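Hi,

Here is the structure I said I would pass on. Have a look at it first, and my notes follow below.

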Amino acid sequence: MKYLMHFRLLLGFCLAMMVAFAANMPMSQAAGYTYTSEKYGYTIQCPTKPLGVVPLSTLSPGDQGDVLVFANDGYDIKKAWVIMTNAFDAKDIGNLDTMSEADAKVLFAKIMASGYDYLSLIEINGHKVLYGLTAKEKYIDTDNDGKPDTKVEANGQQLKTFIPGKNERYGVILLEDPLKKEDVAEYKDGVLTFREIDKKETKKK
């Protein structure tokens, strides 16, 4: 399963990208703001209109998706939702809807050991998906023997939800350090509205 790098933007570049992408955003609804990505085939309800949307590939080369920026301070993105495509290998998670309890326990133990403090199943669009909080501390393999041997402190924690779709394997991540209670609640509400869409749906609007 892939892990995202710690994000940092030059302010001038960030603001320029925000202005460019904000012009293509949909109109807000009565409660929150609905963001729809024709390119990556999804829609999600945001608590407010993002300041801007930055391509994930410009911040983490090799990764694809969007970074919905809600707050920044100078050079730093302070709060964002990262919507990542190809976020995990299907074989690493399997079908959670049909998975046996025994297999689920094995899967949870494996993922928890990879660097999570919390992991659970939630339901989105009628399907079970993984929702977890990355660990404050984790063990890494320093001598390349395949066994974690050294404990290191992470650069903040992240909330991650892994959503298998028909065409993509999405990861929805709350990027904020430290995580704030109200922002965690908004993230949870937003994730539950996530929906994969056919790109033709956006063209009809």
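Strands here are DSSP runs of E with at least two residues, helices are runs of H or I with at least four, and both are numbered from the N terminus. Two strands count as paired if DSSP finds at least two bridges between them.

Before going on, some housekeeping. This is a predicted model, so local features need pLDDT of at least 70 and side-chain atom pairs count only at pLDDT 80 or more, while totals for chains, interfaces and linings use all residues. Residues are numbered from 1 along each chain as its sequence is written, and side-chain values use heavy atoms, with hydrogens and water left out.

The chain averages a pLDDT (the predictor's confidence in each residue, from 0 to 100) of 83, and 81% of the residues score at least 70. Residues 1–30 stay under 50, and the model has 66 contacts for them beyond four places in sequence; a contact means heavy atoms within 4.5 Å. Where pLDDT is low, the predicted coordinates should not be read in detail.

The overall picture

The protein chain has six helices and twelve strands. Of its 205 residues, 40% are buried, where buried means under 20% relative accessible area, exposed over 50%, and partly exposed in between (1.4 Å probe, protein chains only). Among contacts between residues at least 6 apart in sequence, 53% join residues at least 24 apart.

The seven-stranded sheet

E7 and E10 belong to an open sheet of seven strands in the order E3-E4-E5-E11-E10-E7-E6, with antiparallel pairing. Its edge strands are E3 (52–55) and E6 (116–124), each pairing on one side only. On average, neighbouring strands of this sheet are turned by 20 degrees against each other, direction ignored. Helix H4 (residues 101–113) packs on the sheet and touches E6 and E7, with its direction at about 135 degrees to that of E6. For such angles, axes are lines fitted to C-alpha atoms (for helices, over the stretch in contact), and the angles run from 0 to 180 degrees between N-to-C directions.

At the E6 end, eight bridges join E6 to E7, and these two run antiparallel. One example is Leu119, whose bridge partner in E7 is Gly132. The hairpin of E6 and E7 has two residues between the strands, and Asn125 takes a positive phi near 55 degrees there.

Helix H5

Helix H5 (residues 181–191) lies across E5 (76–85), E6, E7, E10 and E11 (169–176), and runs at about 165 degrees to E11. Which residues of H5 are buried? They are Asp183, Val184, Tyr187, Gly190 and Val191. These cover an arc of only 125 degrees around the axis, so they sit on the same side of H5; the arc is that of the directions from the helix axis to the C-beta atoms. Lys181 and Asp189, on the other side of H5, are exposed. The cover over the buried residues of H5 includes E2 (42–46), E5, E6, E7, E10 and E11.

A second open sheet has three strands in the order E1-E2-E12, with antiparallel pairing. E1 (33–37) and E12 (195–196) are its edge strands. E1 and E2 are joined by five bridges, and Tyr35 has Ile44 in E2 as its bridge partner. Four residues lie between the strands of this hairpin, and Gly41 in the turn has a positive phi of about 70 degrees. On the other flank, two bridges join E2 to E12, with Thr43 opposite Arg195 in E12. Five of the five residues of E2 are buried: Tyr42, Ile44 and Cys46 point one way, and Thr43 and Gln45 the other.

Aromatic pairs

Rings of Phe, Tyr and Trp (its six-membered ring) pair if their centres lie within 6.5 Å; planes under 30 degrees apart count as stacked, over 60 as edge-to-face, and the rest as tilted. By this rule there are nine aromatic pairs. Tyr35 and Tyr42 make a tilted one, at 6.1 Å centre to centre and 50 degrees between the planes, and both residues are buried. Trp81 and Tyr187 have ring centres 6.1 Å apart and planes at 85 degrees, so this pair is edge-to-face. Trp81 lies in E5 and Tyr187 in H5, so the pair ties together parts 106 residues apart in sequence. Trp81 has a relative accessible area of 2%, and Tyr187 one of 0%. Ring pairs also link Phe70, Trp81, Tyr118, Tyr131 and Tyr187 into a cluster.

Cheers
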